[in-house]
Protein chains: 2
Amino acid sequence: MASAPATVVATSSETVTRILTAAEALFAEHGFDAVSMNAIAERAGVSKANVFHHFNTKQDLYLAVIRAACHDASQHLDDLGNDDAPMAERFEGFARAHLTSLLEHEQVARLTLRELLGEDPHRGQALAEQVYGEKFARFVAILRAGQNSGELRADIDPAAVATLLIGANVFFFEAREVLRHFPEISFARQPDRYSELLTEILLRGILPSDSSPSSSARKRS
Amino acid sequence: MASAPATVVATSSETVTRILTAAEALFAEHGFDAVSMNAIAERAGVSKANVFHHFNTKQDLYLAVIRAACHDASQHLDDLGNDDAPMAERFEGFARAHLTSLLEHEQVARLTLRELLGEDPHRGQALAEQVYGEKFARFVAILRAGQNSGELRADIDPAAVATLLIGANVFFFEAREVLRHFPEISFARQPDRYSELLTEILLRGILPSDSSPSSSARKRS
DNA sequence: TGGAACACTGACCGACCGGTCAGTCAATGA
DNA sequence: TCATTGACTGACCGGTCGGTCAGTGTTCCA
């Protein structure tokens, strides 16, 4: 008579949450095949048989984790449409918020990236497409509005801009550990600074503005 | 008395190559833990015991695969420093060549991305850092030269530009399957077109040029 | 009061894992 | 000619995997 319908056997209690939390952490850190049901049960503080009582198979548990992660992700970054600020500010705001969201919800981000790389049970792609597709569409719509109002160049593809920004942020997220060891990079530990630099480049480009006469006199430090 | 020194037990024959090829394909597609030595042996057409004859442990084999992949990668993209063309062209050339290289050597790219995500035996990171760090440094140096010659803005961080470009390409590579299902995106199956769009955005930015009077008259299709 | 329902457990299963080993076979060189 | 070497194999090892099951304790309702 309970309200729970289908998809997951579990109907009650905090135990399911404990299992899902443990599984999310382990799957995010090590990947599907590197995590055993025993390890999940141990981390959740229950018996392995109990895990199988709530989730029929390991794949079912994994799918439940992915589903929960997508549900989480669908609630992040939800407050960036209602802004009247100039486009340049909104753009930087989104860049910053997106990167911050990635870093703050590292486990969800890692799970998604593993799913992208084709961790063997690649069912979750459909879910991810739905969640991230909607966010992508909203961001592209904002850029289109900026084009229509003349705040952004009309002869560029807003979807390419969105892909570029999101890609740059995702890459920063997944490679930051390595980027730290590149001596040319000063921003590996400062995501906010990276967002600033990134925004400046995307807004105004890397070529000198034609009318500026100051180009040849500059020197690097 | 042979020439092979250390690092790997194997000293001879095409068999080692067959094993490495099979292992590279399987590790790239499924990840370290999802691939059994039996599967590798079967794909290579040899017995499992023979695999262990040439490689002491599964990790040794994995490291040998990573090492070979890094050696491959170090020979890609090696012909982009000797160019006298204008910076804008060199930039687009690099963007295109980098993305093409990712797509053409998909297995190496996937192995590297898995390593980035922290596949459990993450020893290979040091190797990858060395290879990609050198390429990164060379690209940054080219950008710096462009700044000194006045072809590029002097007030931007060339390392940020490089990270942005590489990140956008890597993201396109890893997400292209998903991007195909986003209706806003027209370039998911056309990497060359993506490189064009990306280059235009990075070179000139997304803000309208101040002196241009044409901004308000444009319409989207 | 009793029994249906359910969360939960320890013991257990067959399959498969990474890894070992004794031994076969062809090539080599003294 | 024959001992040595090294690539190679099938059989096998202990251990762990995902998954099952009989049974226990508790709750709740008839």
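1. α7(B) passes α8(B) in a right-handed crossing; a crossing is right-handed if the near helix is turned clockwise from the far one by less than a right angle, and left-handed if anticlockwise. The structure is a predicted model, in which local features need pLDDT of at least 70, side-chain atom pairs count only at pLDDT 80 or more, and totals for chains, interfaces and linings use all residues. Residues are numbered from 1 along each chain as its sequence is written, chains are lettered from A and ligands numbered from 1 in the order in which they are written, and side-chain values use heavy atoms, with hydrogens and water left out.

2. The axes of helix α7 (residues 125–148) of chain B and α8(B) come within 9 Å and cross at roughly 125°. That angle makes α7(B) oblique to α8(B). Here angles under 35 degrees count as roughly parallel, over 145 as roughly antiparallel, 65 to 115 as roughly perpendicular and the rest as oblique. Axes are lines fitted to C-alpha atoms, for helices over the stretch in contact, and angles run from 0 to 180 degrees between N-to-C directions. Helices (H or I, at least four residues) and strands (E, at least two) are DSSP runs, numbered from the N terminus.

3. On the α7(B) side, B:Phe136, B:Phe139, B:Val140, B:Leu143, B:Arg144 and B:Gln147 meet B:Pro158, B:Ala159, B:Val161, B:Ala162, B:Thr163, B:Leu165 and B:Ile166 of α8(B), contact meaning heavy atoms within 4.5 Å. The residues of this contact divide into 10 nonpolar, 2 polar and 1 charged. In this classification Ala, Val, Leu, Ile, Met, Phe, Trp, Tyr, Cys and Pro count as nonpolar, Asp, Glu, Lys and Arg as charged, and the others, Gly among them, as polar.

4. Helix α8 (residues 158–179) of chain B also packs with helix α9 (residues 191–204) of chain B, at an angle of about 155° and with axes 11 Å apart. α8(B) is therefore roughly antiparallel to α9(B). The contact involves B:Leu164, B:Leu165, B:Ala168, B:Asn169 and B:Phe172 of α8(B), together with B:Pro191, B:Tyr194, B:Leu198 and B:Leu202 of α9(B). By class, it has 8 nonpolar, 1 polar and no charged residues. The crossing of α8(B) past α9(B) is right-handed.

5. Between the chains, helix α9 (residues 191–204) of chain A packs with α8(B) at an angle of about 80°, the axes being 10 Å apart. α9(A) is therefore roughly perpendicular to α8(B). A:Tyr194, A:Leu197, A:Leu198, A:Ile201 and A:Leu202 of α9(A) make the contact with B:Ala160, B:Val161, B:Thr163 and B:Leu164 of α8(B). This contact has 8 nonpolar, 1 polar and no charged residues.

6. The largest nonpolar core has 90 residues, and A:Phe91, A:Leu202, B:Phe91 and B:Leu202 have the most contacts inside it. A nonpolar core is a set of buried Ala, Val, Leu, Ile, Met, Phe, Trp, Tyr and Cys residues joined through side-chain atoms within 4.5 Å. Neighbours within four places in sequence aside, A:Phe91 is in contact with A:Phe139, A:Leu143, A:Val161, A:Leu165, A:Thr199, A:Leu202, A:Leu203 and B:Ile206.

7. Chain A has 9 helices and 0 strands. Buried residues make up 49% of its 221 residues, where buried means under 20% relative accessible area, exposed over 50% and partly exposed in between (1.4 Å probe, protein chains only). Of the contacts in chain A with a separation of 6 or more, 67% come from residues 24 or more positions apart.

8. A:Leu111 lies in helix α6 (residues 106–116) of chain A and counts as buried at 1% relative accessibility. Leaving aside neighbours within four places in sequence, A:Leu111 is in contact with A:Glu24, A:Phe27, A:Ala28, A:Val65, A:Ile66 and A:Ala69. A:Glu89, in helix α5 (residues 87–104) of chain A, is exposed, with a relative accessible area of 54%. The C-alpha atoms of A:Glu89 and A:Thr199 are separated by 9.3 Å, although the two are 110 residues apart along the chain.

9. B:Ser74 is placed in the loop between α4 (58–73) and α5 (87–104) of chain B. At 27% relative accessibility, B:Ser74 counts as partly exposed. Its contacts, neighbours within four places in sequence aside, are with B:Val131 and B:Lys135.
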